[in-house]
Amino acid sequence: MRIVRQGINRAWSPTAMCSIALMCTSIVTLAPAGLLAQRHRKASPLPDPTRMVIEDSTRGFSPDARMRVPESLYVAARKAVASGTDLERREALTLLAFSGQEGDRKTLFELSESEDRSLSHRALVALGISGDPAGYVYLSTILRDRKESSERRTYAALALAFETRTSDENSEDRGSLLAQHAQLLLNGNTQEFAAELAACFFGMSLDSSGALFKNYLRQAGGSITLPKGRKMQVIAGGASDRYIKPLAYGGLARRFSSQEEWGFLRPGLTGTRNEARRRFEILWGLRDNPRDRFDKKLLSRIARSLERRVERDSSEENRAAALLALPLYDKKSGLKRARTLSTSKSASDPLRSAAFLVLGRFGEEKDVSRFEKAWQQGLPPQARAGWNLAYPWLQIRLDTPGLPMDRAGPSTELPRPVLRLREQISLPTGTNPGIAEISAALALTQLSDRVAAPRILMLLRSARDSYTVRILSRCLLHLSPELVQVKLEEFDSEDPGKWPWEKLIVLGDWGHSLLGPILEKTIVAKNLTPAMRATLFRLATRAALGPGYRVDEQIRKRLGISELPVAFEEAMKWQLRPTSPLAPSPTGGR
């Protein structure tokens, strides 16, 4: 019961800064694809709040585990760096960051000076995630050197910003160095050095970045509303930037605690359709703010602004994000609107989904009938996703007999939510699961319905995008890990195409204890294609870092859903979860 309640609360916790649903194509190209469009409506430029809640809800399923890299992997990586294909070299290079060997450190230093920027940038980041003191000195020197290109300083700042699992005696110095460099950039042309400044923000402490966010917004121009209606005109610096301004708004929204700071944020909630992402950044940040230092007057002011966004924002995703945040500041107001919207056929799918999520988290016994009424009316997939998650949350909070199922007696009748959720996780073979099936699988996992595990495995086998695979694999490993156990003998075949790659990749997510011996055996196998070998290097790197420490996860955890400069997007590709390397057949690619 405690675990289930933690899962429910995690989706609403201050640490839930959820990552955007990043997609990737085959490991052959190791390139990301766009967000999966919902089948019943056009794709939106803004993230889907329900998908973000789903992502948050599964984070706690991953244990804090990582793999010790076998020496045979390092031997193969050194060989690949020296004479492999471009694809193999790039994947092997990052793996060398974990060896701790002087020769590998020297290789990273040398390649960081390569004219091939795809190698030099990876080498810089590898030096950062290694936590090596010599790497810290080297990266610091690059950051301070104004003769270096801004692009190179950006990757050095990124490398310094990454949190490592090693004992890092320079961690405080890193944050201080990045803060000083950010202040220096704020005194110059923030447009020209936007990526560099974003990298500094990424690695700074909450207190340091909050102060700098305010400084930036002062320079960007505008007015601050102070208590009692007084206004103060801030310095207009013309420094508005495509990346930094939304990042500053979103970052400050997650950290602020005073009326003066709210004065910086409130104007950002207005604006045109083209400024919808900025509003989303603030709204999601408000949802993540701890709020422990807010007085009643400030809570009320924020709630009134959220109410206006729920009622009339031009973006349905923003209306949904505002509704999710509203009950955290005014529970009565949030519930009132959620109750109305949950059964309104004219409400958009994102908004109805958010309404169900609010009722699941804050609703009362009388709200059970609203869920039943909505189900009888029929729900489109996206709205049903919120229903799938929220109805079990509400039933658990109401202590419904038989929920979660690991506490039910043998003769307990199956609760109605379980039956309806099970109905939704059966699809024709080869059909990519949609948001409704994903949410149903997650809800059944939170309910400890082990009977559903084989069906979730079938969904996982049909999944075709990284978001779906990531969520379903987390659910399956949490609910019934024995279904994805792998034996060493399964890799005896001389044809690597017959290996159970899907199971291997799933085990790699958690740094499973079996993964090391399997990788040690497979990396020396004959008939490996370059793409397969690159896949094994990627799996080893991800497993060595472990959940929460991978490049893409760290960036999204700390910077939220901001649109990011090219350097960030590039670095986030390097450790994305691979899919099967077997299709399409390996030809060229990145």
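Trainee: Which residues do ring pairs link into a cluster?

Mentor: Happy to start there, and keep in mind that this is a predicted model. Ring pairs join several aromatic residues into a cluster. Its members are Phe356, Phe371, Trp375, Trp387 and Tyr391.

Trainee: How many aromatic pairs does a search of the whole structure find?

Mentor: Rings pair if their centres lie within 6.5 Å. With the whole structure searched, the number of aromatic pairs is 16.

Trainee: Are the rings of Phe202 and Phe568 stacked or edge-to-face?

Mentor: A pair of aromatic rings is described by the distance of the centres and the angle of the planes. For Phe202 and Phe568, the centres are 6.2 Å apart and the planes stand at 75°. Planes over 60 degrees apart count as edge-to-face, so this pair is edge-to-face.

Trainee: How many residues apart are Phe202 and Phe568?

Mentor: Phe202 belongs to helix α10 (residues 194-203), while Phe568 belongs to helix α29 (residues 566-573). Both residues are buried. Their pair links distant parts of the chain, and the separation is 366 residues.

Trainee: Which ring does the charged end of Arg146 sit over?

Mentor: The charged end of Arg146 is 5.8 Å from the centre of an aromatic ring. That ring belongs to Phe193.

Trainee: Are α12 and α14 roughly parallel or roughly antiparallel?

Mentor: The axes of helix α12 (residues 244-255) and helix α14 (residues 276-288) come within 7 Å and cross at roughly 20°. Among the residues making the contact are Tyr249 of α12 and Ile282 of α14. Angles under 35 degrees count as roughly parallel, and therefore the two helices are roughly parallel.

Methods. Residues are numbered from 1 along each chain as its sequence is written. This is a predicted model: local features need pLDDT of at least 70, side-chain atom pairs count only at pLDDT 80 or more; totals for chains, interfaces and linings use all residues. Side-chain values use heavy atoms; hydrogens and water are left out. Rings of Phe, Tyr and Trp (its six-membered ring) pair if their centres lie within 6.5 Å; planes under 30 degrees apart count as stacked, over 60 as edge-to-face and the rest as tilted. Helices (H or I, at least four residues) and strands (E, at least two) are DSSP runs, numbered from the N terminus. Buried means under 20% relative accessible area, exposed over 50%, partly exposed in between (1.4 Å probe, protein chains only). A charge sits over a ring if NZ of Lys or CZ of Arg is within 6 Å of the ring centre and within 35 degrees of the ring normal. Axes are lines fitted to C-alpha atoms, for helices over the stretch in contact, and angles run from 0 to 180 degrees between N-to-C directions. Angles under 35 degrees count as roughly parallel, over 145 as roughly antiparallel, 65 to 115 as roughly perpendicular and the rest as oblique. Contact means heavy atoms within 4.5 Å.
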